[in-house]
Amino acid sequence: MIATDVESGAEYTVDTDADGRFELPLEPGPYEVSIVSDTPPPFAKPQTVTVERGSFTQITVSVDTGIR
């Protein structure tokens, strides 16, 4: 998972656990969250989230596995 600071362009990367969960300490502000994988699928559209000072920001990312 990559969180890109919308204002500065700085990127922060973290691996997910076996359940797809992650925790990443970030400064307050807007971030674009993208899921990356060594091999496709899965695919998930990037989404913008705002991290607020002094709080935990929970996001849910919908992933398209490509299975039809």
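Is D19 buried or exposed? In this predicted model, D19 is exposed, with a relative accessible area of 61%.

## The salt bridge

The side chain of D19 meets that of R21 in a salt bridge, at 3.5 Å from N to O. The structure holds one salt bridge. R21 counts as exposed as well, at 56% relative accessibility. Because the cut-off for exposure is over 50%, the values of 61% for D19 and 56% for R21 place both partners in the exposed class. As a general point, side chains of opposite charge can pair when their charged atoms come close.

## The sheet

Four strands form an open sheet in the order β2-β1-β3-β4, and their pairing is antiparallel. The edges are taken by β2, residues 11-13, and β4, residues 47-51, each of which pairs on one side only. On average, and with direction ignored, neighbouring strands of the sheet are turned by 30° against each other. In general, strands of a sheet pair through backbone hydrogen bonds, either parallel or antiparallel.

## Strand β1 and its partners

Strand β1 covers residues 2-5 and pairs with β3, residues 29-34, in the antiparallel sense over four bridges. Within this pairing, A3 stands opposite V33, while T4 has E32 as its bridge partner. The pairing of β1 with β2 is also antiparallel and runs over three bridges; here T4 stands opposite E11.

The hairpin of β1 and β2 has five residues between the strands, and in it G9 takes a positive phi near 85°.

Both faces of β1 are covered. I2 and T4 are buried on one side, and A3 and D5 are buried on the other. This arrangement may be read beside a general rule: in a regular strand the side chains alternate between the two faces of the sheet.

## The nonpolar core

The largest nonpolar core consists of seven residues: M1, A3, V14, Y31, V33, V49 and V51. Strands β3 and β4 each supply at least two residues of this core. In soluble globular proteins, nonpolar side chains tend to be buried together.

With its neighbours within four places in sequence left aside, V49 is in contact with G29, P30, Y31, V33 and I59.

Conventions. Residues are numbered from 1 along each chain as its sequence is written. This is a predicted model: local features need pLDDT of at least 70, side-chain atom pairs count only at pLDDT 80 or more; totals for chains, interfaces and linings use all residues. Side-chain values use heavy atoms; hydrogens and water are left out. Two strands pair if DSSP finds at least two bridges between them. Axes are lines fitted to C-alpha atoms, for helices over the stretch in contact, and angles run from 0 to 180 degrees between N-to-C directions. Buried means under 20% relative accessible area, exposed over 50%, partly exposed in between (1.4 Å probe, protein chains only). A salt bridge is a side-chain nitrogen of Lys or Arg within 4 Å of a carboxyl oxygen of Asp or Glu. A nonpolar core is a set of buried Ala, Val, Leu, Ile, Met, Phe, Trp, Tyr and Cys residues joined through side-chain atoms within 4.5 Å. Contact means heavy atoms within 4.5 Å.
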